Amino acid sequence: MRVLVINGPNLNLLGLREPAIYGRQSYADLVQFVHQSAQQLGLTVDCFQSNHEGAIIDAIQAARNTFAGIVINAAAYTHTSIAIHDALLAVALPAVEVHLSDISKREEYRRFSYLSSVCLQCICGKGFEGYAEALQVLHKHLLKN
Ligand code: DQA
């Protein structure tokens, strides 16, 4: 089973970016962690990162015929993008939302997610481990459905 892991804007700067919130490990470290976690579940993953909303939408649309499901950290677009919400609805692939930080305990403007209503689950505040958990949730769902 092939899963697409999408990371949104500024996540390419992991390690440099607000390390007190997002940690000291880099985006390359995250990609490595995701591949290892997927391998343990027998999943194949592709990791995609973009700072552009349209590119994320294109990746979701292109996933339709290639991937069994999506793990998505849309970063700041989480709180603004009806278009990403609509793209997930359009392709109707099972998706799990993940955030490194606990968005429910941060600024008011981060507490609402446009993606939660179209995802199976939202996992937040667990750092890299949240991606492993998201892959587990998706894997379980894919085996059942
Ligand atoms: C984030 C949380 C978002 O509010 C923020 O804009 C990000 C990262 C997280 O992983 O904790 O860029 O999605």
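Predicted model: local features only at pLDDT ≥ 70, side-chain atom pairs only at ≥ 80, totals over all residues.
**View A. Residues surrounding the ligand.** The shell around the ligand consists of Arg17, Tyr22, Asn73, Ala75, Ala76, His79, His99, Leu100, Ser101, Ile103 and Arg110. By residue class, this shell comprises five nonpolar, four polar and two charged residues.

View B. In the side chain of Ser101, an N or O atom lies 2.6 Å from a ligand oxygen. For Asn73, a side-chain N or O atom is 2.8 Å from an oxygen atom of the ligand. Arg17 likewise places a polar side-chain atom 2.8 Å from a ligand oxygen. The ligand alone would expose 320 Å², of which the protein buries 99%.

**View C. The salt bridge between Asp102 and Lys105.** The closest N and O atoms of Asp102 and Lys105 are 3.3 Å apart. Asp102 is partly exposed, at 22% relative accessibility, whereas Lys105 is exposed, at 67%.

**View D. Salt bridges involving Arg106, Glu107, Glu108, Arg110 and Arg111.** A network of salt bridges links Arg106, Glu107 and Arg110; Arg110 also belongs to the shell around the ligand. The side chains of Glu108 and Arg111 form a salt bridge with an N to O distance of 3.2 Å. Glu108 is exposed, with 60% relative accessibility, and Arg111 is partly exposed, with 43%.

**View E. The salt bridge between Lys126 and Glu133.** The closest N and O atoms of this pair, Lys126 and Glu133, are separated by 3.0 Å. Lys126 is partly exposed at 43% relative accessibility, and Glu133 is partly exposed at 24%. The whole structure contains six salt bridges.

Conventions
Residues numbered from 1 in each chain as written. Heavy atoms only, no water. Near = heavy atom within 4 Å. Polar contact = N/O pair within 3.5 Å; in protein donor to acceptor, adjacent residues only side chain to side chain. Areas by Shrake-Rupley, 256 points an atom, 1.4 Å probe, with all protein chains shown as cover. Nonpolar A, V, L, I, M, F, W, Y, C, P; charged D, E, K, R; others polar. Salt bridge = Lys/Arg side-chain N within 4 Å of Asp/Glu carboxyl O. Buried < 20%, exposed > 50% of the residue type's maximum accessible area, 1.4 Å probe, protein only.
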